[in-house]
Amino acid sequence: MELLQQYQLDIMLMLCSVCALLGVFVLMNRTVATERKHALIAIELGSSFLLASERFAYLYRGGSGTFAYYAVRVSNFLVYASILFVIAAFNKYLRDLFTHEGRLPESPKQLGYCKLLTIVGVVMLIISQFTGLYYTFDSSNRYQRAGGFLICYIIPLLISVFQLAVIIKYYKRLRFEQRIPLLLFTVVPIIAGIVQIFVYGLSLFSMSIVGMAILLYVFTLIDTNDAIDRANRREIEVLREEQGRFKLLFTQTAEALASAIDAKDKYTHGHSRRVAEYSEQIARSAGMPEESVEQVYFAALLHDVGKIGIADQIINKEGKLTDAEFAEIKKHPEIGDQILSSISGSPYLSLGAKYHHERYDGRGYPHRLKGDDIPAIARIIAVADAYDAMTSKRSYRAPMPQQLVREELVKGMGAQFDPVYSKLMLHLIDLDSEYQMKERAEFKELVGRSELVCAEYRSAFSHGMLITEKYTDISLECYAKPHSGGLPSLILFDSLDGLIHLKEHEKKDLIYTEYGEIRFDGTTVCTAARKMKVDITPHPHEHHGIRTTVEYEIRAAHVDDHMLIRITSEQQTVQIIVALPDASRYAYLALSGEHCELRNVKLSQSEESLTESDIPRIADKISYIDVPAGDLPNIQVDGWRSTATEGVPVRDGMKILFHGKSLPTARLVWHCPFLVLFSADDRKVNGENYREYALIRLDGECWESDTSALNKIQINMNDDFVSWDAWKALNKNGMECEASIRREGNTIAITTENGGIALKNVTMISSDITSEILVALTGDQCAVTNIRIR
C-alpha cells in the first residue's frame with residue numbers, strides 16, 4: 001500500500017494519458033457500432049478526465065493561495081462528477097450492446113434504474129457542495145470526509161450492482177470476448193469501492209474504474225476484430241458458395257449441352273464426358289496446375305459443340321460419307337468456335353472446339369496448324385478424342401481392343417498426335433490393366449429390361465464380365481417352361497474385346513480362347529481349360545412341384561491360373577474350380593442358356609480380394625522359369641509388372657545380364673522385360689517409402705513417375721532390326737540381354753541393345769534425393785532367368 005501510495009500520482013498520469021489516447025483511437029475507429037462507439041469514447045475520455053482531476057486534487061491539496069484553494073475544490077467535484085459520468089456512459093454501452101448484439105427487443109429495465117440513480121447522484125453531489133454532506137476542507141486546504149461520505153460511494157456501487165445483475169441475467173447472449181470485460185468493469189469497481197470506504201489516501205475506486213475502461217477498450221477491439229474476421233470468413237464462405245453454385249451451374253450446363261450434342265449421334269452416347277475425363281487425366285499426368293486441368297476438362301467436354309449445326313442425317317449416316325457430307329462435318333470446329341467464343345470469361349473453351357481436329361504434322365483442319373502452334377488444350381483433346389473413338393462402338397464395328405488402340409496411338413505419335421501427350425496416354429493405357437477406360441456396355445439383350453432370352457443352344461450371350469481377384473456377384477431369375485429342359489449356363493473365355501465370338505476370323509483377330517462352359521446343374525464342357533473340378537452340395541428344401549422360375553446367385557473370382565465359381569439355388573450349390581491354361585490370361589464370364597429367359601440380372605463386385613491360397617489348386621502351376629537361377633531368383637511376370645526382382649544398389653560400371661523370353665500368351669511389343677530405377681527402404685519394388693525414377697522397357701519406351709527425376713532416352717534401330725514382328729518373334733524364342741550402367745552422382749545412364757534396338761536412357765535424379773538408388777527387373781508377360789550382376 002505504501003508503495004502504491006508513493007507512486008500513485010505517476011500511475012494516474014500514465015493511465016490518464018492512455019485513456020486519452022484510447023479515446024482518440026476509438027474516435028478514428030470505423031468498425032464499432034455508432035452508439036457503442038460514442039459510449040466508449042465517453043468512457044475513455046471521462047476516465048482520463050477523472051484521473052486528471054484526481055491528480056490535480058492531490059497536487060494542490062494543502063496548498064496556499066487563491067488558485068490552490070479553487071483547484072482543490074473544483075478537482076474534487078470533478079472527480080465525483082466524472083465517476084458518475086463514466087458509469088452513465090458504461091450504462092449506455094450496455095444498453096446498445098444488449099439491444100443489438102444480445103438481440104433484446106428493448107433495453108433491460110434495470111439499466112433504466114441505473115439512469116435514475118445517476119441523476120440522483122448528480123443532484124446529491126450538487127447539494128453536497130453547499131451543505132458539506134460528502135466532504136469538507138480544513139483550514140490547511142485539505143480534503144476531509146464528512147458524515148454523509150458513504151452516500152457518494154453507495155450510489156455508484158448500487159448502479160454497478162444493477163449493471164452486474166443485467167450482465168449475469170443475459171450472460172449467454174454475449175460472446176466470451178464481451179462477457180469478460182463487462183464482468184470486470186462492474187465487479188472490480190464494486191470491490192475497490194468497498195475497500196475505498198475503509199482506506200483513506202488512495203484512489204482505488206477511481207483507478208479501478210479507469211483500469212477497467214482500458215480493459216474494456218482492449219476487449220472491444222479484440223471482439224471487433226473477431227467480428228470482422230467472422231464477417232470476412234462469412235463473406236468468403238458466401239463467395240465460395242456462390243462460386244460453387246456458379247461452378248455447379250456451369251458444370252451442369254456444360255454437361256447438359258454435351259449430352260445434347262451426344263444425343264444427336266446414337267453411337268456417341270457419353271463420348272464428350274469420356275473425352276473430358278481422359279483429357280483431364282492426360283493434363284494431370286503432364287503436371288499441369290489444377291486450374292489448367294479443370295480448363296482442359298471443360299474444353300474437352302464441349303469440344304464437339306459445333307455438331308449442333310450439322311444436319312442429323314449426316315451425323316447419323318450409316319455408310320461412308322460423300323465428299324460434300326464430309327465437308328459439312330469439317331465445319332463443326334468453326335461452328336463450335338463461334339458458339340463458345342462468345343463466352344468471354346472462359347476463352348479456353350473455344351480453343352478445344354476449334355482446334356481439336358488439327359494434326360501435329362500440319363495435315364489437320366480447319367487451319368492446318370502444326371506442332372506447338374496448336375494450343376496445348378487442343379493437342380490433349382485430339383489424343384483423348386481419338387482414343388475414345390477407337391474404344392467405343394460404331395455402326396460399322398465393335399470397340400477396338402485396347403492393345404490395338406495402343407498400337408494405333410504409337411503409329412500416330414509425332415504425326416497425328418503430339419508425342420508428349422500421346423505418350424502420356426500410352427502410360428494411362430498401360431496402367432489400365434482391366435480396360436476400364438472405354439465405353440461401358442451393358443449386357444447384350446439386357447439393355448433397359450435386365451433380360452436375356454435364350455432359345456436354341458448358344459443362340460444368345462451377354463457381354464463378358466471380367467473376373468478378377470475380387471468376387472464378382474451376379475443374381476438372376478431363370479424362367480423356363482415345364483418339361484422344356486431350359487437351363488442357364490456360363491461361358492468362360494478370353495478375348496481382346498471381352499466379347500464372345502463365333503466366326504473364325506474374329507476368333508483369330510481378337511485372340512479368342514474359350515476355356516469351357518458350365519451349365520447351372522453342374523454339367524461342364526472343358527475346352528481350353530486344363531481341368532475343371534465340380535462339387536455339388538444339395539440343399540434340404542420342400543418340394544413344391546414343377547417350378548417355372550428359379551433364383552440363382554453366382555459368385556466368381558480369378559487368381560493366378562485358377563478360377564472359383566459358385567452357383568447357388570434353393571436346391572443346391574455347385575462349386576467349380578477351373579485350371580486355366582496359364583496365369584497370363586484374362587478370364588471373362590458370359591451368361592447364356594437354352595430354352596430359358598434370364599430376368600432381373602444384377603451385377604456387383606465386392607471389395608474382398610482373394611489370394612492364391614483361397615482357391616484349392618487342381619493342376620500344377622505352369623512355370624517357364626524352372627531353370628537354374630543366377631545371382632537373383634528367376635521371375636515369371638504373368639501380367640503388367642505383377643512381380644519384380646529385389647532391388648540391387650546402382651554402382652558405376654555395373655552390368656546386369658539375363659535371359660528374357662516372352663510368354664506364349666504375349667502378343668504385343670511391350671510384352672518384354674523392363675528395368676526399374678527406384679528407391680525403397682526394404683529394397684522392394686512398391687515397398688516402404690517407394691519412389692520410382694525410371695521404367696525402361698526393352699522395346700524402347702521409358703517412364704518416370706517421380707517429379708524429382710528427369711529421363712532422356714535415345715533409341716536407334718541398327719541393321720539387326722528387321723521389323724517389330726521379327727523382334728516379337730525373337731523375344732518369343734528368348735534372347736540374352738545385357739544392360740550396362742554408368743553412374744556419376746545422381747545421374748545414371750543405362751544402355752542396352754536387343755534384337756537390333758539400341759537404347760540409352762539417362763536418368764537425372766534431384767540432388768535432394770539421398771536414398772539408396774536401386775535397380776530391379778520386371779516386365780509384362782515374360783520370363784526373366786539366369787540373372788547375373790557384374
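Modeller: Buried residues make up 49% of the 790 residues in the chain. Buried means under 20% relative accessible area, exposed means over 50%, and partly exposed lies in between (1.4 Å probe, protein chains only). This is a predicted model, in which local features need pLDDT of at least 70 and side-chain atom pairs count only at pLDDT 80 or more, while totals for chains, interfaces and linings use all residues. Residues are numbered from 1 along each chain as its sequence is written, and side-chain values use heavy atoms, with hydrogens and water left out.

The chain has 18 helices and 26 strands. These are DSSP runs numbered from the N terminus: helices are H or I with at least four residues, strands are E with at least two. The C-alpha atoms fill a box of roughly 130 × 80 × 65 Å along the principal axes. The radius of gyration is 44 Å, whereas a compact globule of 790 residues would come near 28 Å. That radius is taken over C-alpha atoms, and the globule rule is 2.2 Å times the number of residues to the power 0.38. Among contacts between residues at least 6 apart in sequence, 70% join residues at least 24 apart. A contact means heavy atoms within 4.5 Å.

Now the charges. The chain carries 85 positive and 99 negative side chains, and the centres of the two sets lie 6 Å apart. Lys and Arg count as positive, Asp and Glu as negative; His and the chain ends are not counted. Each charge is placed at NZ of Lys, CZ of Arg, CG of Asp or CD of Glu.

The structure holds 36 salt bridges. A salt bridge is a side-chain nitrogen of Lys or Arg within 4 Å of a carboxyl oxygen of Asp or Glu. Take Lys 507 and Glu 504. Their side chains meet in a salt bridge at 3.7 Å, N to O. Both residues sit in helix H17 (residues 504–509), three residues apart, about one turn of the helix. An α-helix has 3.6 residues a turn, so residues three or four places apart point the same way. Lys 507 is partly exposed at 26% relative accessibility. Glu 504 is exposed, with 59% relative accessible area.

Arg 599 and Glu 597 form another salt bridge, at 3.1 Å, N to O. Arg 599 is partly exposed at 27% relative accessibility. Glu 597 is partly exposed too, with a relative accessible area of 25%.

Asp 652 and Arg 742 also meet in a salt bridge, 2.8 Å from N to O. Asp 652 lies in the loop between strand E16 (648–649) and strand E17 (655–662), and Arg 742 in strand E22 (residues 735–744), so the pair ties together parts that are 90 residues apart in sequence. Asp 652 is partly exposed at 44% relative accessibility. Arg 742 is exposed, with a relative accessible area of 53%.

Arg 530, Asp 560, Asp 561, Glu 612, Arg 617 and Lys 621 are linked in a network of salt bridges.

A charged residue also turns up in the interior. Arg 406 is one of the buried residues of helix H15 (residues 402–412), along with Gln 402, Gln 403, Val 405, Leu 409 and Gly 412. The buried residues of H15 pack against helices H14 (376–391) and H16 (419–431), and against strands E19 (691–697) and E20 (702–703). Just after H15, Gly 414 takes a positive phi of about 85°.

Two asparagines deserve a look as well. Asn 141 has a positive phi of about 65° although it is not a glycine. Asn 141 is found in the loop between strand E1 (135–137) and strand E2 (143–145), and is buried at 6% relative accessibility. Asn 689 has a positive phi of about 55°, again without being a glycine. Asn 689 is found in the loop between strand E18 (673–679) and E19. Asn 689 is exposed, with a relative accessible area of 57%.

The bond joins Tyr 365 and Pro 366, with omega about 15°. Pro 366 is found in the loop between helix H13 (348–355) and H14.
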